[in-house]
Amino acid sequence: CVLVRAAGGLSVCVRVAISISGLSVLPMSNDLQHATIVGTGAMGTLCALLLAGRGTRVSMLGRSADRIATIESERENRTYLPGHTLPESISLTTDPDVAFNASELIISAIPCQHLREVWTKLAKQATPDVPIVSVTKGIEIDSLLRPTEIIQDCFTSQSVSSSPARLAALSGPSLADEIAEGLPAVVVLGCEDEAVASSVQRNLSSSTFRIYTNRDILGVELGGAVKNVIGIAAGIADGLKMGSNAKASLLTRGLVEITRLGVAMGANPDTFRGLAGIGDLIATCNSTLSRNHTAGEKIGRGIPLQKVIETSHGVIEGIATTRSIIQLASRQNVEMPITLGIHQVLFENLPPKEAIESLMLRQLKSEL
């Protein structure tokens, strides 16, 4: 806030935007002194930049000493978020005690299928009752738990008390590369605790990164998980060059599947008409920056799944999530034909073109 002398001697307060590493931030109303990021991928690095831009001291916790040393020396995460300098207020460590010391907020940015392994080790070292925000999108195979449920389960198994209300999930259209460049993005924070939600919203939002809150954490996390499966389907359609009509239909019917499963599990249907549903779905199904869409496009062009996985920069969450969603759909007795078709392509060697044709040849029925 800068005092400016106006005509007649009146002093007025003007909000001034500051640009740090492409991120336009408003250094106001910040009451967060220290935060911890668990994970050194693209989203974890982005969150570190967002927090640092608001004046928060950030500790990034990683497992690989070599990777941490490289990022520290280069002051840039060239593997997952290249081109963005890390300010000195961001430190990196492999020591949980150092990372969690005096931390007031923890952001968990670990791929879904690795969450349990990581948080089983960290649960007893994290500061009790410090809010944890998950930016992970997926469903754990076999347990069928959402990311915040996995984290809570790890705390419970380690006999560490932590209120579920202090867990939150950040989701919505959030391609890290675009946000790091300072392009506008609007996301949603799922959290049952209004005080926690308000604090995270206030300390992470900026003039280019806006956060809404939503008490429906189930819907927020489920939307973020299933849209990755539909993103693979949209990528396959693009790889097969099936045109805009087919892709629009996939997105529309994909949203129906997401909503159908969510409502069966007790989520608010309005959540899927918002940022965690249709918003995230549009971004994932149309952007070349989406790993899930890119993977689907390669599969549609005939590249084997294993090669797609091996050549990907980062985890393609939608692949493992497809298995989990099929299990959830069966448990809830919910029909999800697009998800089933993607499962057959990924794990049952069904040619992508045949999967699309089988969807087109399903029994004719009313839309509603």
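A cavity is a set of grid points where a 1.4 Å probe fits but cannot get out. Keep that picture in mind as you look through these close-ups, which all come from a predicted model.

**Figure 1. The second largest cavity has strand 12 as the leading contributor to its lining.** This cavity has a volume of about 30 Å³. Which residues line the second largest cavity? Look for Ser134, Thr136, Lys137, Ala169, Leu170, Ser171, Val220 and Glu221. Strand 12 and helix 8 are the elements that give two or more residues to this lining, and strand 12 gives the most, with three residues. By class, you will find three nonpolar, three polar and two charged residues around the second largest cavity.

**Figure 2. Strand 12, residues 167–171, is mostly covered.** Five of the five residues in this strand are buried. Leu167, Ala169 and Ser171 point one way, while Ala168 and Leu170 point the other way. Now turn to the partners of strand 12. With strand 11 the pairing is parallel and spans three bridges, and here Ile132 stands opposite Leu167. With strand 13 (residues 185–191) the pairing is antiparallel, and four bridges join the two strands.

**Figure 3. Strand 10, residues 105–108, is covered on both faces.** Leu105 and Ile107 lie on one side, Ile106 and Ser108 lie on the other, and all of these are buried. Strand 5 (residues 34–38) runs parallel to strand 10, and four bridges join them. Strand 11 (residues 132–134) also pairs with strand 10 in the parallel sense, over three bridges. Ile107 is a handy landmark in this view: Ile37 stands opposite Ile107, and Ile107 stands opposite Val133 in strand 11. How does the chain get from strand 10 to strand 11? The path goes through helix 4 (residues 115–122), and this β-α-β crossover is right-handed.

**Figure 4. Ile150 sits in helix 5, which covers residues 147–157.** Is Ile150 buried or exposed? The relative accessible area of Ile150 is 0%, and buried means under 20%, so Ile150 counts as buried. Leaving aside neighbours within four places in sequence, the residues in contact with Ile150 are Cys112, Leu115, Arg116, Glu140 and Leu145.

**Figure 5. Helix 14 is largely enclosed by the rest of the structure.** Why can we say this about helix 14? Eight of its 11 residues are buried, so the helix is largely enclosed. The buried residues are Pro337, Ile338, Thr339, Gly341, Ile342, His343, Val345 and Leu346. What covers them includes helix 8 (217–239), helix 9, helix 11 (291–300), helix 12 (305–310), helix 13 (317–332) and helix 15. Follow the chain past the end of helix 14 and you come to Asn349, whose phi is positive, near 60 degrees.

**Figure 6. The largest cavity holds about 70 Å³ of space.** How many cavities of 30 Å³ or more does the structure hold? There are two. The lining of the largest cavity includes Ala233, Ile236 and Leu250, along with Ile338, Gly341, Ile342 and Val345. Pro352, Ala355, Ile356 and Leu359 also line the largest cavity. Helix 8, helix 14 and helix 15 are the elements that give two or more residues to this lining. Sorted by class, the residues are 10 nonpolar, one polar and no charged.

**Figure 7. The second largest pocket has a volume of about 650 Å³.** Of the 20 residues that line this pocket, Ser249, Arg253, Leu359, Met360 and Arg362 are the closest to its centre. Helix 9 (243–265), helix 14 (337–347) and helix 15 (352–360) each supply at least two residues of the lining. Which helix provides the largest share? Helix 9 does, with six residues. The lining of the second largest pocket divides into 10 nonpolar, three polar and seven charged residues.

Definitions and conventions. Residues numbered from 1 in each chain as written. Predicted model: local features only at pLDDT ≥ 70, side-chain atom pairs only at ≥ 80, totals over all residues. Heavy atoms only, no water. 1 Å grid on protein atoms, 1.4 Å probe; cavity = no way out; pocket = protein on both sides within 12 Å on 5 of 7 lines; lining within 4 Å. Points joined across faces, edges and corners; volume = space filled by probe spheres on them. Nonpolar A, V, L, I, M, F, W, Y, C, P; charged D, E, K, R; others polar. Buried < 20%, exposed > 50% of the residue type's maximum accessible area, 1.4 Å probe, protein only. Pairing = 2+ DSSP bridges. Right-handed = clockwise from strand over helix to strand, strands pointing away. Contact = heavy atoms within 4.5 Å.
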